[in-house]
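I will look things up one at a time and write down what I find.

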Amino acid sequence: MSIKDKITSFLFGSKAQDTPKEELLPEEEYSPQEIQETQEEIPSDPSLLEVPMEHPIRQLYKLYQSETGTHIPPPHLCMDEDGVLPPEMIAKEKNRLQSSLKNVCASRLKTAKGRSRGKHSKKKAEGEEEEALVLDARTWFFLSSDKLYAWLVVFPPVGAGADLSRDMLYQNLEAQGICYGLDMPLLDRLSHERDRYFNLYLVAKGTPAFDGRNGNIVDYVPRVLERVLTVDEFGQVDYTALNLICNVQEGQEICRLIRPTDGEPGRTVLDQEIPAKSGKPVPLPKGRNTEISEDGDALVASIGGHVEFTGRVFQVKPVWDIDGDVDFSTGNIKFVGDVNIKGDVLSGFSVKAMGNIWVGGVVEAGSTIEAGGDLTVVKGILGDGTTVIRASRCVFSKYIENAIISVKENLQTDCIVNGRIFCGGEIHVRSGRGNIMGGRVWAAKKISASAIGAKSECKTAISLGGTPCLNFERDYVREKMKKQALELEKLEEQPDSPAKSSLMGKLRMKMSVSELKLKQLEEDLAEAKLHQSEKDSGRMECGIAYPGTEIRFG
């Protein structure tokens, strides 16, 4: 009796007497066609499982082929035949699936070889004939770790075992608890399909949970106004077209709220609910002079004015429009919002605003301007050495002459003549003439100019790096304290009176405030000096530097 007949007798119930257990045929005894069919498959896509020659499922496949004579395609183990599964899920589950399948196939192969008995086989008393091994077809299910997907591999029967049937398939599904998202056409087809064995099938797909989207804000006005100066073909800048003010009308929408959405719960193939998170709400950035609409979905301006984003909230600043000059008809200006001046700021007058200041004309000698935001002077600043300009953000001016300017961010102008400039950011003097002539210009980061100094060799001091604005504030407070001390001396020489006592009390209070401010500035300067490095020494860019120019870094 041949080896093949012996194995057939053992596995499928032949009448042969006491056939010894035999191992599988060595690979070299298979036909070239069988060897070709069982060559190791190289996965063409990530969802295809690797099945090397020594894999137990290949040996089960060879055993089934040799004992039944039925030719079926070799094992095909593809997790995602239709290409519908998420790639990250396939990458996560592939190793688990390969490991579990290998263990199941090894156990089935061990039983089929007769090293252990199936529950249907019976061992008779000693000396009697041993019945052939009988194993029904087996369904093996694999569930993804999140229980959203279920795969199936069907192993053929051994001996006279029962073939796969529809009832067997659904009973096994029920035993596993898989009852949601079943691929019914596939399951019905598997019970009578010829090639149903040794293949991997995706038989059930659950419904993933979808978390809700977080709330969002849609802005109708920009949160950051771009301060970009455009130079025309003649090298000139139109300072009237900077558009640094964004005006809104009362009741106008500033931004709108997009409400969060609820999450959509999912279900596993075991018909268990997967909870989902709802989106998080976001509050409307309500600031001063704004209100929330009746439906609660929009932020509107409660007054007309200039809208500005402060970093956390939108606020509307009132705008004071002055049709003419700042003179005796208006007096000194002090305003909590923005100020738009269509004319000039005449000599001796001051304009102080918590917001932006826009001047359509000239800032004359002896005037004082303090802006909590940006300062724009369309025609220029014409000082006499006593004109003081302070801005918490940027300064834009056609020209600057004989003025003291402290700007915490950047400064842009066409020309600086005999100015004392203290800038915490960058100074750009490239448009127009692009000259810096005379005076002292100190910038923390960069100075860019076409020419520095003049042919007449006028003294021009350029300083880069450091803390120019803090130094200016310290010197400014010191000068202020000197004036207060002189004023106090004059008051002390006057005859005693209730008015004198009142004035001296107020003056001493101002001097105390100045002393505290000076002390704080000294501390800030000392701390800034400790943290200063060579990288903070600044940068200078210029086309020409004339004799008489002094340049200091750091």
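**Terms first.** I count a contact when heavy atoms lie within 4.5 Å. Helices (H or I, at least four residues) and strands (E, at least two) are DSSP runs, numbered from the N terminus. Buried means under 20% relative accessible area, exposed means over 50%, and partly exposed is in between (1.4 Å probe, protein chains only).

**Ground rules.** This is a predicted model, in which local features need pLDDT of at least 70, side-chain atom pairs count only at pLDDT 80 or more, and totals for chains, interfaces and linings use all residues. Residues are numbered from 1 along each chain as its sequence is written, and side-chain values use heavy atoms, with hydrogens and water left out.

**Overview.** I looked up the chain as a whole. It has eight helices and 31 strands. Of its 554 residues, 43% are buried. Among contacts with a separation of 6 or more, 48% join residues 24 or more positions apart.

**Helix α5.** I went to residues 166-176. Met168, Leu169, Tyr170 and Leu173 are the buried residues of α5. Their cover includes β1 (138-143), β2 (149-155) and α6 (184-190). Gly177 follows α5 and has a positive phi, near 80°.

Most residues other than glycine have a negative phi. Lys147 has a positive phi of about 60°. Lys147 sits in the loop between β1 and β2. It counts as partly exposed because its relative accessibility is 31%. Asn418 has a positive phi of about 50°. Asn418 belongs to strand β25. With a relative accessible area of 41%, Asn418 is partly exposed too.

**A three-strand sheet.** Strands of a sheet pair through backbone hydrogen bonds, either parallel or antiparallel. I count two strands as paired if DSSP finds at least two bridges between them. I found an open sheet of three strands, in the order β5-β11-β12, with antiparallel pairing. β5 (247-248) and β12 (314-317) are at the edges with a single partner strand each, so one side of each has no neighbour in the sheet. Four bridges join β11 (residues 305-309) to β12. Glu308 stands opposite Gln315 of β12.

**Parallel pairs.** Next I followed β16 (residues 350-353). It pairs with β14 (residues 333-335) in the parallel sense over three bridges. Ile333 has Val351 of β16 as its bridge partner. β16 also pairs with β19 in the parallel sense, over four bridges. There, Lys352 stands opposite Glu370 of β19.

**Two isoleucines in β21.** I looked up Ile389 in strand β21. Ile389 is buried because its relative accessible area is 0%. Leaving out residues up to four places away in sequence, Ile389 touches Val363, Ile369, Leu375, Ile381, Ile404, Ile405 and Ser406. Its C-alpha atom is 8.1 Å from that of Val407, 18 residues along the chain.

Ile381 is in strand β21 as well. Ile381 counts as buried, at 0% relative accessibility. Beyond four places in sequence, its contacts include Val363, Thr387, Ile389, Tyr399 and Ile405. Ile381 and Val345 are 36 residues apart in sequence, with 9.6 Å between their C-alpha atoms.

**Helix α7.** How far apart are the end C-alpha atoms of α7? I take the expected span of a helix as 1.5 Å times one less than its number of residues. The 26 residues of α7 (residues 468-493) should span 38 Å, and the end C-alpha atoms are 38 Å apart, which agrees. Buried residues of α7 include Pro468, Phe472, Val477, Met481, Leu488 and Leu491. Among the elements that cover them are β21 (380-391), β23 (400-407), β25 (415-423), β27 (435-443) and α8 (498-531).

**The largest pocket.** On a 1 Å grid over the protein atoms alone, a pocket is an open set of points where a 1.4 Å probe fits, with protein on both sides within 12 Å along at least five of seven lines, and lining residues have an atom within 4 Å of a point. Grid points are joined across faces, edges and corners, and a volume is the space filled by probe spheres set on the points. The largest pocket has a volume of about 690 Å³.

Which residues lie nearest its centre? Of the 24 lining residues, these are Tyr476, Val477, Glu479, Lys480 and Lys483. α7 gives the most to the lining, with 10 residues. β19 (368-371), β21, α7 and α8 each supply at least two.
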